[in-house]
Amino acid sequence: MWTGAVSDEDRLDRTQTARLFRRAAGLGHEQRRLALAAMGFVLLSTLAILLGPVFVRYGIDRGIRRGETRPLNLAVIGYIVVVICAYFTSRQQYMYVNRAGEGFLRTLRVTVFRHIQRQSLAFYDRTQSGVLVSRMTADIESMGELVQWGLMQFLSASLLIALSTVLMFVLSWQLALMAMVVMPLIVLATVKFQRDSNAAYLAVREHVGENLSTMQEGISGIRVIQAYGREDEQSRRFRESSRSLFRSHVHSLRVSTWYFGVVEFSGILAAAITVGLGGLLVRNGTVSLGTLVAMVLLLANLFEPVQQLSQLYNTVQSAAAALNKLFAILDTDPDVADPARPQALPARGGVEVDAVSFSYRPGGRTAVRDITLEVAEGERVALVGPTGAGKSTVAKLIARFYDPTLGTVRFGDVDLRHAEIAAIRDRIVVVPQEGFLFGGTIADNVRIARADASDGEIADAFVAIGTLDRFEAFPEGLDTEVRERGSRLSAGERQLVSLARAALVDPAVLVLDEATSNLDPGTELAVEQALERLMAGRTVVVVAHRLSTVRRADRIAVIDHGELVELGTHDELVTRGGTYAGLATAWARTHV
């Protein structure tokens with residue numbers, strides 16, 4: 001039950017909660033028929049439950065009291081029928097509610113994930129991946145508790161309380177008023193329970209987190225623990241966190257048992273008052289014996305749903321807080337978006353960076369400042385400079401992973417902000433330093449670049465970079481499963497698959513982040529040869545980490561402290577004796 005706890009900063013008022021659930025109902029419009037069917041079965045089930053005491057009243061007053069067999073038999077048959085109906089309608093309401101709930105959760109998961117996938121890199125700079133995973137798991141799970149059973153329980157309990165109360169006053173307003181005497185006690189106990197239970201369950205959740213953190217440290221840091229002989233200390237820490245968790249669980253149980261005890265006592269007290277004072281009314285002939293028995297039976301339908309609704313309160317609050325966080329993601333517009341009226345990009349062309357400045361955060365430190373750089377069609381330009389100088393930022397701006405704060409990035413004289421992102425991805429392809437592979441086959445991973453590519457086109461992509469024979473030598477060829485993160489392939493083979501993706505797109509511009517810098521000498525040559533074939537006839541911008549890569553560039557752009565400080569060929573820049581000359585000397589000393 002502790003999962004329903006909500007912190008003060010996440011708690012929403014009634015207006016906010018209602019607005020969120022109305023919006024959520026819009027997401028679940030495909031499940032409306034199932035939801036309406038479930039509501040219908042909830043109503044039928046509630047009516048069947050209430051008809052039971054009515055048949056008991058009829059059997060006692062018309063059958064037993066008068067000594068007539070036929071009314072008694074009708075009452076028995078009627079009671080059996082409504083019990084059977086209650087069983088089947090309850091079963092159907094569970095089926096329909098769960099189908100509707102699972103359908104809603106599926107829609108919510110897909111909608112949120114699709115929106116996350118469409119966000120630009122700035123979104124991921126601001127948002128930790130762990131937070132996004134929590135939104136897709138814990139927050140949607142909080143919604144699951146509500147839509148799978150909470151809403152049905154709320155509707156069923158509310159209907160049962162309302163209709164039971166109405167029926168009680170219809171049968172005997174005197175007995176109904178007697179039963180209502182205990183209601184103030186239940187209301188006060190419910191208010192206290194909602195406050196105390198939320199605090200108790202929050203404490204449980206906090207201690208669960210501390211316990212899991214201690215356990216994780218004890219397992220992941222086992223080498224350090226054993227190296228310094230800290231096994232007993234770690235066991236002591238885990239024992240203390242487990243004791244704290246145990247105490248918080250016991251406290252939450254005390255809160256629950258106290259409240260449920262009060263509700264149960266109130267129900268018994270109400271029944272006792274009803275029987276005691278109702279007996280006098282029966283003796284006076286004001287009410288019948290059957291009515292008194294029916295009232296006692298209806299009291300059970302009145303107090304048990306109160307417990308259910310009080311438990312549901314925290315679940316509703318938790319679901320509302322989760323919805324608020326999920327909708328906050330859905331309300332986040334991508335920083336890099338398609339223009340309303342996109343311009344067509346030419347098939348080929350150069351890249352122009354015109355007086356570009358950029359900050360990753362509004363008002364934050366400027367990553368690059370007033371950079372102007374022209375890369376002619378078919379030219380290779382290397383971006384070099386110290387770590388953190390802004391080289392990768394320039395490359396990301398050229399690929400339009402970000403839009404510049406000031407200035408313009410053009411391809412073929414078209415401002416990239418005026419072009420469709422899909423068109424840009426067809427013209428400008430980024431090959432990262434480490435090739436990331438998804439679960440699936442080699443062919444599946446190349447097809448990431450173009451989902452409709454045929455097997456022949458994928459093979460041609462490997463031919464283009466001269467590596468088809470290498471991968472066809474595998475037992476399953478291009479249908480070889482790479483396993484999670486490509487663990488079945490070497491680092492060089494993963495990078496070759498990444499290059500084949502780029503070849504499949506056949507872009508005009510390649511943006512490379514030194515694709516051979518993390519490879520061993522045995523596979524470096526194969527990747528370099530594939531790169532040379534891939535770069536042939538294309539415009540290339542490479543973030544260079546090696547002197548060998550820099551020397552193969554037509555020109556070198558030196559970035560330092562976010563500014564373009566030097567531009568020229570290798571020989572020209574070495575002769576100047578500036579920043580690049582110092583970098584080249586350092587590279588030469590390390591034999592890179």
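1. Rings of Phe, Tyr and Trp (its six-membered ring) are taken to pair if their centres lie within 6.5 Å; planes under 30 degrees apart count as stacked, over 60 as edge-to-face and the rest as tilted. By this criterion the structure holds 11 aromatic pairs. One of them joins Phe193 and Phe260, whose ring centres are 5.9 Å apart with planes at 45 degrees, so the pair is tilted. Because Phe193 belongs to helix H7 (residues 183-220) and Phe260 to helix H9 (residues 231-284), this pair ties together parts that are 67 residues apart in sequence. Helices (H or I, at least four residues) and strands (E, at least two) are DSSP runs, numbered from the N terminus.

2. The model is a predicted one: local features need pLDDT of at least 70, side-chain atom pairs count only at pLDDT 80 or more, and totals for chains, interfaces and linings use all residues. Residues are numbered from 1 along each chain as its sequence is written, and side-chain values use heavy atoms, with hydrogens and water left out.

3. Phe193, Tyr259 and Phe260 form one aromatic cluster. Phe193 is buried, at a relative accessible area of 2% (buried means under 20% relative accessible area, exposed over 50%, partly exposed in between; 1.4 Å probe, protein chains only).

4. Phe358 and Tyr360 form an edge-to-face aromatic pair, with 4.9 Å from centre to centre and 80 degrees between the planes. Phe358 counts as buried at 5% relative accessibility, whereas Tyr360, at 29%, counts as partly exposed.

5. Two charged side chains lie over rings (NZ of Lys or CZ of Arg within 6 Å of the ring centre and within 35 degrees of the ring normal). The charged end of Arg23 sits over the ring of Phe327, 4.2 Å from its centre. Lys192 lies over the face of Trp258, 5.8 Å from the ring centre.

6. Strands pair if DSSP finds at least two bridges between them; S1 (residues 351-359) is joined to S2 by 6 bridges. Val353 has Leu373 in S2 as its bridge partner.

7. Ser359 lies in strand S1 and is buried, with a relative accessible area of 17%. The side chain of Ser359 reaches the backbone oxygen of Arg365 at 3.5 Å. Leaving aside neighbours within four places in sequence, Ser359 is in contact (heavy atoms within 4.5 Å) with residues including Gly364, Thr366 and Thr405.

Conventions:
A polar contact is a pair of N or O atoms within 3.5 Å; within protein, one must be able to donate a hydrogen and the other to accept it, and residues adjacent in sequence count only if both atoms are side-chain atoms.
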